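Here are some exercises to work through with the model open beside you. Try each task before reading its solution.

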Amino acid sequence: MIEKIREQAKRRTKPYGCHGWDHVERVYDLCCFIGEKEGGDLETLKIAALLHDIARDQRGDHAKSSAKEAERILRTLGFQQTKISRIVDAIKTHRFSGKSKPRTLEAKILADADKLDAMGAVGVYRAAAFGAEIQRPIQSTIDHFNEKLLKLKDMMYTKTARRLAEGRHKFMLAYLKQIEKETKLLS
Ligand code: NI
């Protein structure tokens with residue numbers, strides 16, 4: 001069943017870029033890793049991870065539209081309503097700039113996994129890819145670290161994610177220091 005959902009999700013996701021298929025696969029792996037340590041229903045986590053960004057290309061709140069699309073897919077595949085609600089709820093609340101906060105453990109883990117993938121070396125790659133996608137100059141990408149990405153470590157819900165975030169945060173600080181030096185922003 002997971003494989004069927006993976007196929008559906010992959011078909012709806014770009015193979016490259018900031019929110020490319022590689023992002024979904026990393027979030028999936030992070031959800032499995034965190035879920036094994038923190039508990040939570042692994043099947044719910046895996047499916048929520050695969051479907052969390054399927055409506056990325058649509059306007060408006062992508063978490064909400066992805067949740068809606070996920071609900072439709074899971075209904076077609078014959079999932080029970082209680083399971084669907086749990087998965088859909090996690091997707092709906094995963095956005096770190098969203099208004100609705102994650103309530104269930106699975107929702108918290110998905111939100112943490114998604115934030116972790118915006119940090120560290122992968123975070124640097126994704127910030128640059130995103131900058132290119134929205135045609136943002138280098139300084140705005142650097143500002144994005146200070147305004148958003150450096151805050152993520154204090155926004156984790158689970159202990160396991162907090163631990164993983166530490167190293168990634170340190171790497172981003174070192175990266176920022178170095179890029180500021182190279183671009184002479186401090187002189
Ligand atoms: Ni995501």
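**Exercise 1.** What spacing do the donors of the nickel ion follow along the chain?

*Solution.* Before starting, note that this is a predicted model, where local features need pLDDT of at least 70, side-chain atom pairs count only at pLDDT 80 or more, and totals for chains, interfaces and linings use all residues. Residues are numbered from 1 along each chain as its sequence is written, and side-chain values use heavy atoms, with hydrogens and water left out.

Step 1: Collect the donors, meaning N, O and S atoms within 2.8 Å of the metal (3.2 Å for Na, K and Ca); water is not among the atoms, so sites may look incomplete. The protein supplies H23 (NE2), H52 (NE2), D53 (OD) and D114 (OD), at 2.2 to 2.3 Å from the nickel ion.

Step 2: Read them along the chain, and the pattern is H-x28-H-D-x60-D.

Step 3: Helices here are DSSP runs (H or I, at least four residues), numbered from the N terminus.

Step 4: Check burial, where buried means under 20% relative accessible area, exposed over 50% and partly exposed in between (1.4 Å probe, protein chains only). H52 is buried at 0%, and D114 is buried at 8%.

**Exercise 2.** Work out which aromatic pair the structure holds, and what the pair ties together.

*Solution.* Step 1: Look for rings of Phe, Tyr and Trp (its six-membered ring) with centres within 6.5 Å; planes under 30 degrees apart count as stacked, over 60 as edge-to-face and the rest as tilted. There is one such pair: F145 and Y175, tilted, with 5.7 Å centre to centre and 45° between the planes.

Step 1: Because F145 lies in helix α8 (residues 138-147) and Y175 in helix α9 (residues 159-182), the pair ties together parts 30 residues apart in sequence.

Step 2: F145 is buried, with a relative accessible area of 2%, whereas Y175 is partly exposed at 28%.

**Exercise 3.** Find the buried residues of α7 and what they pack against.

*Solution.* Step 1: The buried residues of α7 are G120, G123, V124, R126, A127, A129 and G131.

Step 1: Using contact (heavy atoms within 4.5 Å), these buried residues of α7 pack against α2 (21-38), α8 and α9.

Step 2: Moving past the helix, α7 is followed by Q135, whose phi is positive, near 55°.

Definitions and conventions:
Helices (H or I, at least four residues) and strands (E, at least two) are DSSP runs, numbered from the N terminus.
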